[in-house]
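Open the structure in your viewer and get ready to select residues. We will go step by step.

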Amino acid sequence: MELGSSEAGRLSVRIFVDPDALIAGTLTIRDEEHHYLVHVRRQTVGASVCLLDGHGRWADAKVVSIYDGSTELLVDEPTMVGVASFALTIVPAIIKGERMDQAITKMVELGVARICPITTERTVVRLKGDRAKRRLDRFESITKAAARQSRNPRPPQIAPIQSLAELLVAPPAAELSLIPEASGAAPLLAQALPEAKPTSAVVLVGPEGGFSAAELSGAEEAGFVAVSLGPRVLRAETACIAIASILAFRYGDVGSI
Ligand code: SAH
């Protein structure tokens, strides 16, 4: 069953809560969620809210009381949102600041099922120790905000940052594994897509400087098929958007695992 227009409280304010907290009865929300509901969205007592656990469960709720640092909600019985029958995992090489934020935001809007950020030979951004952790936290908070804004009840999972070499040791399992590359030598994406709808695909996207020749052949050895997105060189974030849009158009949706 696909997500219908009347489902998941389409028109009410959406709040993500812990899966464990999403049960019928009263629920108190604090911190960021309370602030978002009361100060950003200016909801008052009696307002309807849609609660989501980020894993496909949701429930309607009503605002019962508002305090200084918390809001009390009365929560209905949770239900499961529909599951799309095609899941897309995008594996983007991390690119510089703003552009990576954009790439993640757009992938969440388009409904991508999973994002596995990687570092590659030509990754410009340095991500040692604490920095990698901070970057991942940022990706997660961007995902949450984009999911709220785009009313995506099942935001993508963000995998821990790893190198392309690490990822290729055990690549995400999928029926269709693609590596878009901008040299113009590869066949067009349209030609590489099977007629019969696969249930999953995984797509590697290179950084600003592209993949090295060794990385390309390593990925091909691991089963990835090189494809072209057309005669122009796209920015990495544009390539992510194009892939998600094309596959959503072709297979109906790109969003679940
Ligand atoms: N200077 C690099 C361009 C990198 S663009 C080069 O010439 O390879 C960043 C990434 O976006 C690429 O690694 C590739 O994965 C993807 N990409 C951009 N344009 C593309 C195209 N026309 N076809 C396929 N992939 C493309």
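This tour of a predicted model goes from the domains to their interface and then to the ligand.

**Stop 1: the domains**

Select residues 7-80 and colour them. This is domain 1. Now select 87-250 and pick another colour. That is domain 2.

**Stop 2: where the domains meet**

Turn to the boundary between the two colours. Here 14 residues of domain 1 are in contact with 8 residues of domain 2. The size of an interface is often given as the accessible area lost when the parts come together. Domain 1 and domain 2 bury about 1,000 Å² between them. Carbon and sulfur atoms hold 49% of that area.

How many salt bridges are there between domain 1 and domain 2? The count is 3. Polar contacts between the domains number 5 residue pairs.

Next, select R148 and E32. They form a salt bridge, and their closest N and O atoms are 3.4 Å apart.

**Stop 3: the ligand**

Now show backbone atoms. A backbone N or O atom of P180 is 2.7 Å from a ligand oxygen. For L229, a backbone N or O atom sits 2.8 Å from a ligand nitrogen. R232 also places a backbone N or O atom 2.7 Å from a nitrogen of the ligand. On its own, the ligand has 550 Å² of accessible area, and the protein covers 84% of it.

Conventions:
Residues numbered from 1 in each chain as written. Predicted model: local features only at pLDDT ≥ 70, side-chain atom pairs only at ≥ 80, totals over all residues. Heavy atoms only, no water. Polar contact = N/O pair within 3.5 Å; in protein donor to acceptor, adjacent residues only side chain to side chain. Areas by Shrake-Rupley, 256 points an atom, 1.4 Å probe, with all protein chains shown as cover. Domains from an automatic or database assignment. Contact = heavy atoms within 4.5 Å. Buried area = accessible area lost by both parts, 1.4 Å probe. Salt bridge = Lys/Arg side-chain N within 4 Å of Asp/Glu carboxyl O.
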